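Here is a brisk report on one protein model.

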Amino acid sequence: MKDKLIIILFSGEKEKINYALGMLATAAALGRPTELFLTGKSLISFLDKKNNFNLNYSNSDELFTSLLELKTNIAICSGALAENKLKASDLRKDINFNISGLTSILSPKNSKDQIIFI
C-alpha cells in the first residue's frame, strides 16, 4: 500500500486552502490514500453559518467534491470545533466528517505517511 498523504490545514487563507485541495485531489486521483485534517481557522473557511462552502476560488468546490468522490478522509480537529465555537451538530450532514485529534495523525500507525502542515 502506498503511504498516505495527510494535509493538516490550519490556515484560513483562501490561496493556501485551494492549493491544499489541489494537492490532495491530485494525489487521490493518482490512487494515493489521502486525508484532510481541518484545524485552526481553516474550518471556518469551509463552512459559513448556513453550512455552505465559503471559498473564493472558482475550482475550490470542484476540488473538494473530487476529494469526497475519491474517498479522501475528511477529519476535523475536536479542539478547532471548540476554538471556533462549533459543535459536531453544526457541521454539514452530507459529509462524513471524522472528528478526532492530533493523536490520530501522529500515532505510530501513520509513521510512514507524509504529513504537510499548511
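Buried residues account for 43% of the 118 residues in this protein. The model is predicted.

The secondary structure comprises five helices and five strands. Read from the N terminus, the order is β-α-β-α-α-β-α-β-α-β. Consider the contacts between residues at least 6 apart in sequence: 73% of them join residues at least 24 apart.

Next, the core. In soluble globular proteins, nonpolar side chains tend to be buried together. Here the largest nonpolar core holds 29 residues. Leu9, Leu21, Leu36, Leu38, Phe64, Leu67 and Ile76 touch the most other members. At least two core residues come from each of β1 (5-9), α1 (14-29), β2 (34-38), α3, β3 and α4. The largest share, six residues, belongs to α1.

Now the backbone. Most residues other than glycine have a negative phi. Lys71 has a positive phi although it is not a glycine. Lys85 likewise has a positive phi without being a glycine.

| Residue | Phi | Loop between | Relative accessible area |
|---|---|---|---|
| Lys71 | about 65° | α3 (60-69) and β3 (73-77) | 70% |
| Lys85 | about 55° | α4 (78-83) and β4 (98-100) | 75% |

Is Lys71 buried or exposed? The cut-off for exposed is over 50%. Lys71 has a relative accessible area of 70%, so it counts as exposed. Lys85, at 75%, is therefore exposed too.

Note on methods:
Residues numbered from 1 in each chain as written. Predicted model: local features only at pLDDT ≥ 70, side-chain atom pairs only at ≥ 80, totals over all residues. Heavy atoms only, no water. Helix = DSSP H or I, 4+ residues; strand = E, 2+ residues; numbered from the N terminus. Buried < 20%, exposed > 50% of the residue type's maximum accessible area, 1.4 Å probe, protein only. Core = buried A, V, L, I, M, F, W, Y, C linked by side-chain atoms within 4.5 Å. Contact = heavy atoms within 4.5 Å.
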